[in-house]
Amino acid sequence: IDRVMNCMGLSSTDIIAQAIYRAYNDGADVINLSMGFPGPYPDTLMTMAVQRVVERGGSVVCSYSFCF
């Protein structure tokens with residue numbers, strides 16, 4: 001299990017994207033993401049990481065809430 005948020009529940013998108021790749025490369029069966037974003041669209045870095053993992057046969061489950 002990798003946790004990428006600090007004690008305030010915050011992280012940067014590049015760290016989250018790196019964690020997605022690391023989990024896949026380490027052989028995770030399922031990568032589970034549950035987080036909120038300050039706008040209506042997820043960050044491109046994370047979207048690209050998820051797309052690449054799924055294209056390579058990985059499983060990613062996402063639960064997003066949008067914070068306005």
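**Exercise 1. How the two helices pack**

Task: In this predicted model, how are α1 and α2 oriented to each other: roughly parallel or roughly antiparallel?

Solution: 
- Start with the geometry. The angle between α1 and α2 is about 10°, and their axes lie 8 Å apart.
- Apply the cut-off. Angles under 35 degrees count as roughly parallel.
- Conclude. α1 and α2 are therefore roughly parallel.
- Now find the residues. From α1, the contact uses T13, D14, I16, A17, I20, Y21 and Y24. From α2, it uses L45, M46, M48, A49, V50, R52 and V53.
- Sort them by type. The contact of α1 with α2 has 11 nonpolar residues, one polar and two charged.

**Exercise 2. Placing T13**

Solution: 
- Locate T13. This residue sits in helix α1.
- Take the value. T13 has 25% relative accessibility.
- Use the limits. Buried means under 20%, and exposed means over 50%.
- Conclude. T13 therefore counts as partly exposed.
- Look across the sequence. T13 and M46 are 33 residues apart in the chain, yet their C-alpha atoms are 6.4 Å apart.

**Exercise 3. Placing L33**

Task: Is L33 buried or exposed?

Solution: 
- Locate L33. This residue belongs to strand β1.
- Take the value. L33 has 8% relative accessibility, so it counts as buried.
- List the contacts. Beyond its neighbours within four places in sequence, L33 touches I20, V50, V60, V61, C62, S63 and Y64.
- Check one pair. L33 and S63 are 30 residues apart in sequence, and 6.1 Å separates their C-alpha atoms.

**Exercise 4. The nonpolar core**

Task: How many residues form the largest nonpolar core, and which are they?

Solution: 
- Count and name them. The largest nonpolar core has 12 residues: I16, A17, I20, A23, I31, L33, M35, M46, A49, V50, V53 and V60.
- Assign them to elements. α1 (13-25), β1 (31-37) and α2 (44-55) each give two or more residues to this core.
- Nonpolar side chains tend to be buried together in soluble globular proteins.

**Exercise 5. The whole chain**

Task: What pattern do the helices and strands follow along the sequence?

Solution: 
- Count the elements. The protein chain has two helices and two strands.
- Read them in order. The pattern is α-β-α-β.
- Check burial. Of the 68 residues in the chain, 24% are buried.
- Check the surface. The chain exposes about 4900 Å², with 54% of it from carbon and sulfur atoms.
- Check the contacts. Among those with a separation of 6 or more, 69% join residues 24 or more positions apart.

Methods:
Residues numbered from 1 in each chain as written. Predicted model: local features only at pLDDT ≥ 70, side-chain atom pairs only at ≥ 80, totals over all residues. Heavy atoms only, no water. Core = buried A, V, L, I, M, F, W, Y, C linked by side-chain atoms within 4.5 Å. Buried < 20%, exposed > 50% of the residue type's maximum accessible area, 1.4 Å probe, protein only. Helix = DSSP H or I, 4+ residues; strand = E, 2+ residues; numbered from the N terminus. Contact = heavy atoms within 4.5 Å. Areas by Shrake-Rupley, 256 points an atom, 1.4 Å probe, with all protein chains shown as cover. Axes fitted to C-alpha atoms, helices over the stretch in contact; angles between N-to-C directions. Parallel < 35°, antiparallel > 145°, perpendicular 65-115°, else oblique. Nonpolar A, V, L, I, M, F, W, Y, C, P; charged D, E, K, R; others polar.
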